[in-house]
Amino acid sequence: MSSATLPVIPLPYPLILLPTARATIPIPGDAGETLLHLVQESDAQPVVAAVPIPSAESDVLHDWGSSARIVRLVRPPRTGTPSRDRSRPYLLTLHGLSRVYLPNAKDSQGKIGDLLEHKVELHTNNALPTAEAASTFKAAALKLLDRLVKDAASDTKRDFYMKLATMTDEVSIQRTPWMADMLVANLNAEYADKLDYLSAVEPDDRLSRATAMMVKQTSISEVSRKIAQSVDESLSKQQKEFFLRQQMAAIQRELRDLQRNPKSPTSELDEADEQVDAEDMAEMRSKIEAMAKDSEERKMAVREWRRLKRTPSTSVESGVIRNYLEWLTAIPWPTSVSSSHLATTAALRDRDFMAKARQQLDADHFGLDKIKKRLTEYLAVVRLKELQSEKEARMAAEKEAQLQSHAGEASSQNASLESEARPADPESPNKALVKVSQGTSTPSAPIPLPKKKGVKGPILLFVGPPGTGKTSLGQSIARALGRPFQRISLGGVRDEAEIRGHRRTYVASGPGNIVQALRKAGRPDPVILLDEVDKLASSNFHGDPGAALLEVLDPEQNHSFNDHYINVPIDLSQVLFICTANTLDTIAAPLLDRCEIVHLSGYTYDEKMHIARKFLLPKQLQANGLTTDHLELTEPALLRIATHYTREAGVRSLERAIGAVVRFKAVGWAEYCDSIGAEPDTLVPHSEGETVVGAPAKQYKKVVEEDELEQILGIARWDEEEREREERRGLVYGLVVTGMGEGGILPVETTVVPGSGKLKLTGSLGDVIKESGELALSWVKTHAYDLYITKSPSEDPLKNPDPIDIHLHLPSGAVKKDGPSAGIAMTCAFVSLLTGACVPSNVAMTGEVTLRGRVGPVGGIKEKVLGAHRAQITTVILPWANRKDVEHDVPPQVRKAMHFVFVRTLDEVLEAAFGKGVIGWRRNISLVESRL
Ligand SMILES: Nc1ncnc2c1ncn2[C@@H]1O[C@H](COP(=O)(O)OP(=O)(O)OP(=O)(O)O)[C@@H](O)[C@H]1O
């Protein structure tokens with residue numbers, strides 16, 4: 001340490017000059033001039049003391065400063081007027097050398113420019129620091145520099161810090177205090193710390209203070225980097241989201257403006273999206289909360305709800321989850337018993353339930369007595385089982401509630417005993433409290449609503465031709481039970497997923513039609529009609545829809561039906577399933593096995609007339625805005641519509657034709673009202689018609705006569721066929737049931753063509769029908785001699801006198817035909833062709849033949865007979881074994897209107913078909929049989 005007197009340059013707050021550092025400060029012109037003299041006078045660069053003023057409020061000098069060499073003193077170029085030239089400031093650059101101490105600094109005040117000379121102590125300590133202090137400092141410094149290099153905003157800064165790091169790394173122990181000064185001078189440290197550091201003369205002290213500053217600085221820069229980074233990240237994300245949202249809002253605004261008609265009033269469609277969204281979410285939330293506790297569906301809903309909350313609302317995934325949740329919450333889960341459901345149970349308890357059910361069935365359908373009887377039984381069973389299962393469920397619930405209340409009381413007693421016995425236990429009173437509160441709360445808790453067992457009744461399968469009322473019977477059942485009705489059409493369903501839904505991984509996946517029907521019904525116990533189960537595609541590469549249906553219908557499995565989309569077991573046991581089909585042939589055996597079949601075979605003309613008058617006409621009048629005052633269909637007109645314009649087992653075409661008549665009259669009535677200037681709803685027509693006096697002479701006649709039908713409905717469709725049906729050689733009418741379950745007549749046409757004794761069969765025939773054709777011909781060939789076709793028993797009728805082929809054809813060629821029931825019709829056709837005798841065109845027949853000439857029974861008698869009746873056939877030849885079917889199934893009025901011949905053998909068939917004695921026999925039948 002040495003003393004000297006140096007001019008002091010006060011450094012105003014917050015300036016500080018550390019040894020090794022450089023600083024440039026402005027000084028007033030006068031002081032500058034003085035310093036300039038000093039510089040000019042001295043040989044070397046003069047040394048001054050740069051002492052900081054540590055406070056902005058006072059001018060008192062700090063007691064530590066730095067001796068500094070004047071490196072530069074310059075006056076910046078002139079900007080002001082010459083008069084103020086002396087006061088122009090100088091720029092003084094100083095280079096710090098060593099620490100100086102001002103012994104009487106406290107008494108000395110200073111202002112920049114004062115340049116008072118002060119006595120100072122110069123502290124240049126060249127002692128060696130300890131190795132430990134040096135290495136600690138180095139490590140701290142390197143760490144900080146490393147951080148600064150990484151965070152450097154520019155390349156120049158980075159290079160600078162790197163240079164410092166290299167220097168620090170390479171500096172010797174002796175030079176570490178110098179290095180510390182250097183680093184601290186260049187650090188962005190706090191003023192107070194730097195001031196404090198200025199007073200550290202001892203090398204170790206200097207190093208330790210510098211180390212502390214380095215560590216502090218490192219942590220500050222690390223924290224600030226982290227904050228900057230997170231702020232940066234969130235800012236950029238927020239900015240991005242904000243930007244995208246703004247864009248989306250702008251696009252939606254534009255679209256709304258485009259779509260909105262400025263004149264139209266604001267609708268709910270214009271409501272703010274966010275509001276609608278929030279309402280939807282709130283609704284969904286309350287639905288989830290309403291789900292039964294601990295149920296699978298609730299767990300799944302909660303899980304998905306949480307996922308939805310975590311997912312950004314604009315993402316695709318969010319839409320998928322929301323869609324799923326909407327479905328999940330929309331399904332009427334059986335665990336939530338709605339008030340309307342309870343109302344149904346009340347309806348079942350009604351003592352007049354059965355009478356009302358009968359009334360309902362009668363009100364909806366005419367005839368069908370047997371079916372209605374069966375349905376009444378069915379409804380009675382459903383009612384009894386339903387009430388029984390509800391009773392059981394209620395008893396079980398009450399029992400459980402009682403058990404819980406006992407358990408609660410017991411535990412509350414135990415709890416109080418426990419608390420009395422161990423009062424010292426600090427946990428004991430709390431436990432007792434909990435148990436007591438559990439025990440007392442249970443009896444007052446509501447008894448849970450009973451969970452009913454499903455009604456495992458038979459599944460009804462209505463089979464019959466189209467339009468026979470299968471669907472509407474299903475609706476009647478639902479009405480009688482007071483349950484919602486849903487119809488699922490299975491026609492053409494090829495994909496199992498249509499029944500079971502698609503897994504959620506599929507794009508645009510959704511639940512199957514069972515879940516859709518449940519959602520629409522809004523209750524867990526609707527009547528679901530599975531329409532056209534016979535049209536369900538068989539197993540294919542899309543899965544097996546039939547198998548899925550089995551699961552739905554099987555009472556053992558359907559309490560936990562698994563829809564792939566919903567993926568939570570759904571209890572279908574309370575759903576009443578009813579199936580319909582046109583034919584049983586295409587229904588898989590396991591499915592058929594689960595159903596109870598109810599046949600609806602079609603209506604007679606008489607029934608159709610009743611149905612038309614009681615149901616179809618009023619329905620059509622109402623649908624077309626007319627009343628019975630406006631239209632009257634005469635009996636012959638209605639019969640003509642039924643017989644000549646429609647020829648089907650059901651009543652759908654009849655309804656359509658009646659609808660056409662009603663619409664025709666509606667147009668007439670409207671025109672008439674317009675022509676007389678009256679309101680259509682205030683005027684009632686006279687039965688004989690109204691004629692307006694004067695032009696325009698419009699007339700309205702409310703009665704529709706038979707002869708007007710051609711004008712309204714066009715030429716009758718079936719007139720033509722009637723005229724065409726003629727008695728011809730080789731032509732016989734057989735009876736068939738079509739794939740739709742509809743009966744009718746089918747001409748069997750045969751003709752002779754030159755050939756070599758072969759039989760040609762055409763008309764999309766199956767193997768069985770082809771075989772029965774060959775069988776029939778063989779029988780005829782065998783008996784050609786007996787039937788006077790050939791002259792000797794050994795002659796072949798197809799070879800002698802000329803070789804011929806027989807061609808048999810069954811129109812319509814495009815429709816597939818099979819089965820053995822055309823056997824007797826084919827035999828008659830061959831006999832007619834070879835003998836020349838004709839079968840009258842009002843005769844039709846069905847029956848299987850054997851090679852022995854026996855006639856075997858066939859199916860579909862009711863449909864066939866009704867079809868024949870519709871086709872104006874008067875004589876029907878049927879197998880003897882089918883007599884009971886006619887007795888049981890064919891309505892009496894049809895039986896009365898037709899002549900039935902029941903046959904056991906082919907000779908009886910020939911006699912019935914051609915007439916007694918027309919076909920001669922050389923021998924009697926017993927001989928024929930014995931010969932075979
Ligand atoms: N016995 C009947 N009494 C009154 N209306 C009937 C009767 N039978 C059928 N209908 C009426 O005939 C129309 C057709 O009936 P529905 O739709 O039930 O036929 P379907 O047998 O289901 O036919 P599909 O097999 O084509 O589905 C309905 O309007 C129905 O009300």
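**A buried pair of annotated residues and a helix crossing**

Ser-821 is buried, with 27 other C-beta atoms within 10 Å (a residue is buried if 20 or more other C-beta atoms lie within 10 Å of its own, exposed if 12 or fewer, and partly exposed in between, with C-beta atoms placed from the backbone). The structure is a predicted model, in which local features need pLDDT of at least 70 and side-chain atom pairs count only at pLDDT 80 or more, while totals for chains, interfaces and linings use all residues. Residues are numbered from 1 along each chain as its sequence is written.

Ser-821 sits in the loop that runs between strand S19 (804-809) and helix H25 (823-835); helices (H or I, at least four residues) and strands (E, at least two) are DSSP runs, numbered from the N terminus. Residues up to four places away in sequence aside, Ser-821 touches Thr-846, Gly-847, Glu-848 and Val-858, where contact means that the C-beta atoms of two residues, placed from the backbone, lie within 7 Å.

An unreviewed UniProt entry lists Ser-821 and Lys-864 under "active site"; UniProt positions follow the numbering used here, feature names are shortened, and annotations may be inferred rather than shown by experiment.

Lys-864, for its part, is placed in helix H26 (residues 861-870). Lys-864 also counts as buried, because it has 31 C-beta neighbours inside 10 Å. Neighbours within four places in sequence set aside, Lys-864 is in contact with Leu-735, Val-737, Gly-743 and Thr-846.

Elsewhere in the chain, helix H20 (residues 635-645) and helix H21 (residues 652-676) have axes that come within 10 Å and cross at roughly 130°; axes are lines fitted to C-alpha atoms, for helices over the stretch in contact, and angles run from 0 to 180 degrees between N-to-C directions. H20 is therefore oblique to H21 (under 35 degrees counts as roughly parallel, over 145 as roughly antiparallel, 65 to 115 as roughly perpendicular and the rest as oblique). On the H20 side, Ile-641, Ala-642 and Tyr-645 meet Leu-654, Ala-657 and Ile-658 of H21. By class, this contact has six nonpolar, no polar and no charged residues; Ala, Val, Leu, Ile, Met, Phe, Trp, Tyr, Cys and Pro count as nonpolar, Asp, Glu, Lys and Arg as charged, and the others, Gly among them, as polar.

As for the whole chain, it has 30 helices and 24 strands, and 33% of its 932 residues count as buried.
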